[in-house]
Amino acid sequence: MYSFLFPVMLASVLFGDAAADDVTRLLATGAGAVGGVLCLIVAARERRVAARPCGSCGRTHGRSPEHRGERSPGWAYAGAYLAVGGYLARMTVWLDQVVAGTWPSAATRANGISVTAMVIFLGLMSLAGTLLPLTLAHRWGRVWPAWLGPLAGRPVPRWLVLGAGLFMGASLTAYFGIAGMSAWIHGDIDGQFWPLLLELGGYTLWGIGLLVASASYFRLTRPPCPRYPAGPSAAAAVPSRGQ
């Protein structure tokens, strides 16, 4: 977790003026990143051994969802609405700035960023904080709803939704949940307590919620099992490998 900035540090060493201390920090962070990835790989393999999944599709038949039309588990809805709550908490800080007349900030104006660009950014941000988490949890995010006409009943492209959920979730959790919270705890960020808590905490909950909902979406949108094409009832009737 502490090594998530390794790509940024690597780029700064390769393309910037790196001091000896920077190289040392890069090596330490790189070792942490490699160790973390290897640990995750081992944990994933051990989980597969314990779950005894199907060798063809990775499901544990009888316990895993068999098709994307099934209802999401309760924890997926909890993650999705946690993400929406985190987004709303973050937006309360923005709304307070609008009311106080401090948005856009002086730094934003000095950098030449137009109000139009900021409004477009806020619109995309709102979609990522409302539509995206709900799409990850609800059935209409996996199967096109009836009111879409020719697309009705067809599967939603998996990585169109899942890719956005994983990218946004990982980015918000890493940047604000790990880096932001760490900097705040160490006193590197100045500001009022409640606005910082709502901003950093909101982003963190938003990211965690997206990752939780994405995990459910990943399970529900797996391709059909080639060994049991007849459907979930046929698959559930046959024990998983090793049972």
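Among contacts in the chain (heavy atoms within 4.5 Å) between residues at least 6 apart in sequence, 73% join residues at least 24 apart. The model is predicted: local features need pLDDT of at least 70 and side-chain atom pairs count only at pLDDT 80 or more, whereas totals for chains, interfaces and linings use all residues. Residues are numbered from 1 along each chain as its sequence is written, and side-chain values use heavy atoms, with hydrogens and water left out.

The chain holds 9 helices and 0 strands; helices (H or I, at least four residues) and strands (E, at least two) are DSSP runs, numbered from the N terminus. The order of elements from the N terminus is α-α-α-α-α-α-α-α-α. The C-alpha trace spans about 65 × 50 × 30 Å along its principal axes. Of the 243 residues, 35% count as buried. Buried means under 20% relative accessible area, exposed means over 50%, and partly exposed lies in between (1.4 Å probe, protein chains only).

Two packed helices are described by the angle between their axes and the distance between the axes. Axes are lines fitted to C-alpha atoms, for helices over the stretch in contact, and angles run from 0 to 180 degrees between N-to-C directions. Helix α1 (residues 6–15) packs against helix α2 (residues 20–51) at an angle of about 150°, and their axes are 10 Å apart. This angle makes α1 roughly antiparallel to α2, a label for angles over 145 degrees; those under 35 count as roughly parallel, 65 to 115 as roughly perpendicular and the rest as oblique. On the side of α1, the contact is made by F6, M9, L10 and V13, and on the side of α2 by D22, V23, R25, L26, T29, G30 and A33. The crossing of α1 and α2 is left-handed, meaning that the near helix is turned anticlockwise from the far one by less than a right angle; clockwise would be right-handed.

A second pair consists of α3 and helix α5 (residues 115–129), whose axes come within 9 Å and cross at roughly 150°. The two helices are therefore roughly antiparallel to each other. Helix α3 contributes A83, V84, Y87, R90, M91 and W94 to the contact, and α5 contributes L122, M125, S126 and G129.

A search of the whole structure finds 2 salt bridges, each a side-chain nitrogen of Lys or Arg within 4 Å of a carboxyl oxygen of Asp or Glu. One of them joins the side chains of R90 and E199 at 3.8 Å, N to O. This pair links distant parts of the chain, with R90 in helix α3 (residues 74–100) and E199 in helix α8 (residues 193–220), 109 residues apart. R90 is buried, with a relative accessible area of 12%, while E199 is partly exposed at 24%. R59 and E66 also meet through their side chains in a salt bridge, at 3.9 Å from N to O. R59 counts as buried at 0% relative accessibility, and E66 counts as buried at 12%.

T173 lies in helix α7 (residues 158–185). With a relative accessible area of 17%, T173 is buried. The T173 side chain reaches the backbone oxygen of G169 at 2.7 Å. Leaving aside residues up to four places away in sequence, T173 touches I178, T204, G207, I208 and L211.

Technical notes:
A polar contact is a pair of N or O atoms within 3.5 Å; within protein, one must be able to donate a hydrogen and the other to accept it, and residues adjacent in sequence count only if both atoms are side-chain atoms.
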